[in-house]
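Me: I'd like to go through the labels on this model one at a time. Can you back each one up for me?

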Amino acid sequence: MSRLSAERLEELYVGTLKLLVEHGFDKLTMDQIADETKSSKATLYRQWGGKVGLVVESLKCLGHDKHDLPDTGSLRGDLAALPAGESEAPAAELITAIMHAMKQSDELAEAVRMQIIEPGLERVHLMIQRAVDRGEVAADCPALPYIDLLFMAPVILRTLLDGSEIDHDFITGFHESVLLPALGIH
């Protein structure tokens, strides 16, 4: 799709997300993005089709689904072996901006759910299914229908409730004291 270097793409994505946080999705314009990233508006439209496409691709650059999902032989080990940052959240301001933007734009909300949230949750489901297949988690564990919430809640709620950034120690503590016990792993 793109003849832009990886470094140039990262500049564009970082600049786009910076403006999203500063202005909000409804006030974000392709002109602003072009100015901020020293790009031509024509290039932006040609590459991403518009604001929604560029914002979603920018968010995907934060994603970690490029890495193989760890398979250490235990759910606890898999969680601990996730690549740095995969179980951590982006900045609180970005999460807030994206949640607000998704309420403003049905098109953006659908794209974020389909291209970012669903693939991320598929990875979670695979990790949990492997734990079920190994017998670590009971197939009828009452927490299984809530696994998506258990994975997403600490990232979103802690950020929104007190503005704290999510770090490795917090996520590890959450996994050890909430997630794993809910799945019957002590």
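Predicted model: local features only at pLDDT ≥ 70, side-chain atom pairs only at ≥ 80, totals over all residues.

Me: Let's start with lysine 18 and glutamate 36. What makes the two a salt bridge?

Reply: Their closest N and O atoms are 2.9 Å apart. The cut-off is a Lys or Arg side-chain nitrogen within 4 Å of an Asp or Glu carboxyl oxygen, so the pair of lysine 18 and glutamate 36 qualifies. The general idea is that side chains of opposite charge can pair when their charged atoms come close.

Me: And why is that pair said to link distant parts of the chain?

Reply: Lysine 18 sits in helix H1 (residues 6-23), glutamate 36 in helix H2 (residues 30-37), and 18 residues separate them.

Me: Why is lysine 18 called partly exposed?

Reply: Its relative accessible area is 38%. Buried means under 20% and exposed means over 50%, with partly exposed in between, so lysine 18 lands in the middle class. Glutamate 36 is partly exposed as well, with 32% relative accessibility.

Me: What about lysine 60 and glutamate 57: how do you know that they are about one helical turn apart?

Reply: They are 3 residues apart in helix H4 (residues 51-60), which means a separation of about one helical turn. Lysine 60 is partly exposed at 31%, and glutamate 57 is partly exposed at 24%.

Me: What makes arginine 130 and aspartate 71 a salt bridge?

Reply: The N to O distance is 3.9 Å, which is still within 4 Å, so the pair counts. This one also links distant parts of the chain: arginine 130 is in helix H7, aspartate 71 is in the loop between H4 and helix H5 (75-80), and they are 59 residues apart. Salt bridges with shared partners join Asp71, Asp78, Arg130, Arg134 and Glu136 into one network.

Me: Why is serine 105 called buried?

Reply: With a relative accessible area of 11%, serine 105 falls under the 20% limit, so buried is the label. Serine 105 is in the loop between helix H6 (92-104) and H7. A polar atom of its side chain lies 3.0 Å from the backbone nitrogen of leucine 108.

Me: And cysteine 141, how do you know that it is buried?

Reply: Cysteine 141 has 9% relative accessibility, again under 20%, so it counts as buried. Cysteine 141 lies in the loop between H7 and helix H8 (147-162).

Me: Last one. Which residues gather in the patch of negative charge on the surface?

Reply: Asp106, Glu110, Glu118 and Glu122. Take glutamate 118, in helix H7 (residues 106-134): a patch residue needs over 30% relative accessible area, and glutamate 118 has 37%, so it passes that test.

How values were computed: Residues numbered from 1 in each chain as written. Heavy atoms only, no water. Patch = residues over 30% accessible without salt bridge, like charges linked within 9 Å, V, L, I, M, F, W, Y side chains within 5 Å. Areas by Shrake-Rupley, 256 points an atom, 1.4 Å probe, with all protein chains shown as cover. Lys, Arg positive; Asp, Glu negative; His and termini not counted. Charge placed at Lys NZ, Arg CZ, Asp CG, Glu CD. Helix = DSSP H or I, 4+ residues; strand = E, 2+ residues; numbered from the N terminus. Buried < 20%, exposed > 50% of the residue type's maximum accessible area, 1.4 Å probe, protein only. Polar contact = N/O pair within 3.5 Å; in protein donor to acceptor, adjacent residues only side chain to side chain.
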